Amino acid sequence: MLKVFLVEDEVTVREALRDNIPWEEYGFQFTGEASDGEMALPMIRKTEPDVLITDIRMPFMDGLTLCHIVGQEFPKMKMIIMSGFDDFEYARRAIQEGVDQYLSKPITRRTIKKALDEVKQKIDNEREQKNYQEKYRLESREYEQYQRRSFLEALFGRRLSVEKIYEEAQRLSFNVNSACYNILLFSVNDKKKNESDEFRIRQNDILAFFLRFPEYILSKWSLSSYCVIVRGEKDVVRDFTARGIEEIERIASDTRCPMQWYVAAGEPVDRFSQLTECFEKTNHRFAERFWRPERNILRPEDASLTVSDEKRSIDGVNAESVDPSIITGFLKNGDVSDVTEFVNGYLESLKDVLKSKIFRSYLILNIRFTVIRFVEDYGMDQKEFLEKLPFDIHELEGNSEKIPDYVISMLRLAFSLRDQESESKGHTVVKEALPYIEQHYTEEDISLNSVATVAGVSGTYFSSMFSQEMGKTFTEYLTELRMNKAKELLSTRKLHTAEVAQAIGYKDAHYFSFVFRKTQGMSPKEYRTKIS
């Protein structure tokens, strides 16, 4: 119910309007009254009515002055002016102040009802449009994330000139005028591996936190990891970096839903174009999660802990640091783009003990056999795998500088097999899902998650595979199907807009018209006129 506030200096008029108008019957709640603008203003600020009804001539503060102040402070509030004077100047000033209705006294029930009905319709239309815009924004978020990730991949991969960086940032509405920037990389996984409802709730709580503040720009980075750009003044960036880490830790540490989580923080930079260097250092730190799984938070100040200042002998090596599960964990959960950072960071953590020839040989063979076992699971035998490597293991003897390149080449080859398998599976999943989408796109409740459930995969995986296979997001594809069908129906059948909306999966005809205009640049009615 909409709230209304009345300001009138004549007591008899004010009481007559207050007591004789059936406010609730008209859809309004009478929330207060005052005898002049000066008395009314603090009460309006407290009650924040949707509609203000005020006389024009009053002592202390007149109605036009009140409307001016209210219009500045509450631009969405509707204003109805009452006047006993048929004066053009008053009407002109009322229009200037954004008054919605100008009523001449005496005020009748019919007059006030007509004015209230009109402002109520106006409020309902504005709220409806706002709801449509929010709904469309939420539906388009998947596409925005897709665009953001593509931009960030190009930025962090050093594929953009400084001019192109700022051009693309402007196109995607990235605010690049901040005094300082930083990066957070984090990943969250369900320890039970089944992505339970409880896990999804916790995961969404984390994402909602970063979407709540303009100081954060959140982007999906891989199937289970996210990239957050922190922006603002230096002290703000420092504060929001810490707050982001604390929030991830708070939610992910909830014992009701065991999560495997990691977060790495970068070091602030002064320019948006310097985020590339910031990302490289942060990603290097983030890679430590594979060989230091006990450390959930990876900060810049912890970097000195990676390598001990004291020389370590073989006897002092922790067996966990050479556990084959470090390599298999990375191959299962990592990404090919992380290989160089992972290898360099992992070998750096062992650099003192790698001076030992015995340990060096053991480590390389340990990694090699682990990778071979992994690729065999994907159908490649040992001989074929070794033949694909750029050089033989014996070339490492007496040439330890080649060790990183050898390990990197092994891991990249293993990733290519894994990703081929994943792409093949993804291709099959999407191929099988397309006929289902074609058959059911006119149903209102079809969604990415409902199609993913039919395909037998998680929503996250299906979203990633669909975008990769189709070159567009699921939402874009579904909307495109619906709009094409709508244009067909508008051009070949004499259906009302509401009937067209219903036929393609939109229960709300107004929202259908909103989406049609947004995507086609004209209303359904204008489209029908254009082609007829």
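K113 is partly exposed, with a relative accessibility of 33%; in this classification, buried residues fall under 20% relative accessible area, exposed residues over 50%, and partly exposed residues in between (1.4 Å probe, protein chains only). The structure is a predicted model, in which local features need pLDDT of at least 70 and side-chain atom pairs count only at pLDDT 80 or more, while totals for chains, interfaces and linings use all residues. Residues are numbered from 1 along each chain as its sequence is written, and side-chain values use heavy atoms, with hydrogens and water left out.

The side chain of K113 forms a salt bridge with that of D117, at an N to O distance of 2.8 Å. A salt bridge is defined here as a side-chain nitrogen of Lys or Arg within 4 Å of a carboxyl oxygen of Asp or Glu. D117 is likewise partly exposed, at 33% relative accessibility. Both residues belong to helix α5 (residues 109-156), where K113 and D117 are four residues apart, about one turn of the helix. Helices (H or I, at least four residues) and strands (E, at least two) are DSSP runs, numbered from the N terminus.

K120 has a relative accessible area of 26% and is partly exposed, as is D124 at 33%.

The salt bridge between E277 and R158 (3.5 Å, N to O) links distant parts of the chain, with E277 in helix α9 (residues 275-286) and R158 in the loop between α5 and α6 (162-171), 119 residues apart. E277 is partly exposed, with a relative accessible area of 34%.

Five strands form an open sheet with mixed pairing, in the order β7-β8-β6-β9-β10. Its edge strands, β7 (216-220) and β10 (297-298), each pair on one side only; pairing requires that DSSP finds at least two bridges between two strands. Strands β6 (residues 180-190) and β9 (residues 259-265) pair in the antiparallel sense over seven bridges, and D190 stands opposite M259 in β9. Helix α7 (residues 197-212) packs on the sheet and touches β6, β7, β8 (225-232) and β9, contact being heavy atoms within 4.5 Å. The direction of helix α7 makes about 175° with that of β6; axes are lines fitted to C-alpha atoms, for helices over the stretch in contact, and angles run from 0 to 180 degrees between N-to-C directions.
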